[in-house]
Each structure stands twice: as C-alpha cells, then as structure tokens.
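Hi everyone, thanks for coming. Let me put the sequence and the structure up on the screen, and then we can walk through them together.

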Amino acid sequence: MNDINPLKNILLYIDGSEPSITAAQMAIIMAKAFGCALRVIYVVNEDLLSELLKARVFIQMEKMDYERDLEEDGKRYLNYVVKLADRKGLKVETVLRKGVVHEEVSREVDESGCDLLVQGELGEVLSLRDSFYEEGERILRKVKCPTMVVRGRDRVERLFDSL
Amino acid sequence: MRLTDYITPDHVKIGLEGETKEEVIEELVELLAGNCEDCDADKVLEVVMNREREGSTGLEKGIAIPHAKCDAIDSLSIVIGISRDGIDFEAIDEKPSHLFFLMVAPMTESGPHVQAIAKIVKMIKIDSFRESLIKAKTPEQVVESIARVENGE
C-alpha cells in the first residue's frame, strides 16, 4: 500500500487543548493507516506574551517566567503525543518552536516538506474580526499545504481505541 | 477555553465594599477562597499583593486584572468584583477602576492562565460588553454577558 501512497509525511500541530489531542489521535490513526512519518509541533506563543506585556498586564520578569512555563507545557504536551503514538506502535518526531504561532507552523510546513498538516477544531471567536486572530484560522490561511481540521471527538476516540 | 467553565454567579461580587486597592484585593481573595476547597487564602493574598508591588495590574477604561501563580491552589480560579464608585488601583490612565478580574493559577498550569488573561483582555475591549458588566445588577447577569460574548452573540 505504501508504494502507491503519495502521503509520506504528516505534520500535527498541537496547542495542548482538548481539540488538539483529538487531532493527535486522528493523525496517529492516519499515520498508521497510510504508513506515514508523523512529526508533531508545539509553538510557544511569544507573540501573545508580548501583547500582554505591551498591554501592561504582564511585567517583563513575569513574561519571561510565563515563557519558561509555556515551554515546559509544550514539552509535556509533545511527550504526551509521543506516548499516545507509542501505545499504537508508532514513533513520532517532536518540534518545539517559539514565536508567532502561525508563522512558525508555516515555516515548519515549508522546511519539513510535509504532505498534510493536521490540526484540531478551530477555537471560538468573539467576532468576525476576532476570527482573524484565532491561531487555528491564521494557520489555515498561512500554510501552503493541504490541511485537515479534525472535529468529532467521540468518533475519533472510537477509531483510536479500535486501532 | 471558555471563561464560563471557570466563572459562575458564585464567583462574582457586585458592589465591592473595599475602598483601597489592598482592601479590594483582600475582598476578591476572600471571594476566591470561598469558591475553592482547601485553598490557603493567606498564601493567595500574599502572592497577589507581591505581584501588585512589582507593578499595578490596573489597566485603562476602569479595568484591573490582578493575577498571580500560587502553589496553594490546584486549578485556575477566577473571580470578578465590581465597584460602582470605582477605586484607585494605580491604573495606567490614572482613572478609578470599576471592574476587577482576579485570576490565580497553580504553578504548573500556565497555559490556561495565559489564555484566560488574553481572552479577558480581548473581551474587555468590546465597549458594550464592558458596560454590561459594570452596569449588571446581579452576578447572573455578569455570567450571562460573558456567555453571550463567548457564544459570539
């Protein structure tokens, strides 16, 4: 099957949210089903921290402290996906970046040459204007590769459990 | 993340009695402690006050977001206090603060904490939302206003 399968590399974007874990399950299912390599990326949202600093909600020291925390969170989420994949006999590569989320994901898409980006259900937005700032939406607009947005947690969980 | 997963009418106090920054923070911490089991109110008060000493969390347009991380609580806690008269919270614009969001997160859960703060900062930029909270007559109305904005209404 792999010989005729054009899908070789899947990139999964996670942010630690429940929808991104559902996306992780789906990406693992697809990587197993199609015999693909799976790479998973988490981005420390430095942009958001800078905005909160600029808005004077955070002070500089606090921003640095939260940045370290988010990096640790990222490592934990990535490790969680590694373990999730390992349970299904799949090895995954992990990438942790810092910066503007959609730009870093897009850069990873370009550099890794992935065939498909998988991400979780889009976040809620407060207004149409707000939708332009939602990270999932921004990734969708920015990346230059096929992208799959995973919805339907219960169905994905059933599929994952049956794998 | 949805703020209404963290904020119920029990997490809202309309008509804060405190008249100084310290008194308001104490009042908010008391409200927070009343809503979380086994949390050490003295410890929470200490970390929130320490954070305020580093720099005021009084923003523009009558909003303040005092916050801190604390090992005395197990999960992100948010309470809201509203003062009709306003309190000098050393705000950026030097105007009285009316709307207070106290947020305290455990040491190990910064992701949701940052997201919640960012969401509140985004929401309070909506004039009608801000006004609806300041003018709310009941805690239920405050939570309903938050839910409406979160639902994109």
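Let's begin with one strand pair: strand 2 of chain A, residues 37–45, runs parallel to strand 3 of chain A, and eight bridges join them. Strands here are DSSP E runs of at least two residues, helices are H or I runs of at least four, and both are numbered from the N terminus. Two strands pair if DSSP finds at least two bridges between them. As an example, A:I41 has A:V95, in strand 3 of chain A, as its bridge partner.

A quick word on the source: this is a predicted model, where local features need pLDDT of at least 70, side-chain atom pairs count only at pLDDT 80 or more, and totals for chains, interfaces and linings use all residues. Residues are numbered from 1 along each chain as its sequence is written, while chains are lettered from A and ligands numbered from 1 in the order in which they are written.

Now the whole sheet. In chain A, five strands make an open, parallel sheet, ordered 3-2-1-4-5. Strand 3 (92–99) and strand 5 (147–150) of chain A are at the edges with a single partner strand each, so one side of each has no neighbour in the sheet. From one strand to the next, the twist averages 25 degrees; axes are lines fitted to C-alpha atoms, for helices over the stretch in contact, and angles run from 0 to 180 degrees between N-to-C directions.

Finally, the chain partner: 16 residues of chain A are in contact (C-beta atoms, placed from the backbone, within 7 Å) with 17 residues of chain B. Helix 3 of chain A gives the largest share of chain A's side, four residues.

Terms used. Two residues are in contact if their C-beta atoms, placed from the backbone, lie within 7 Å.
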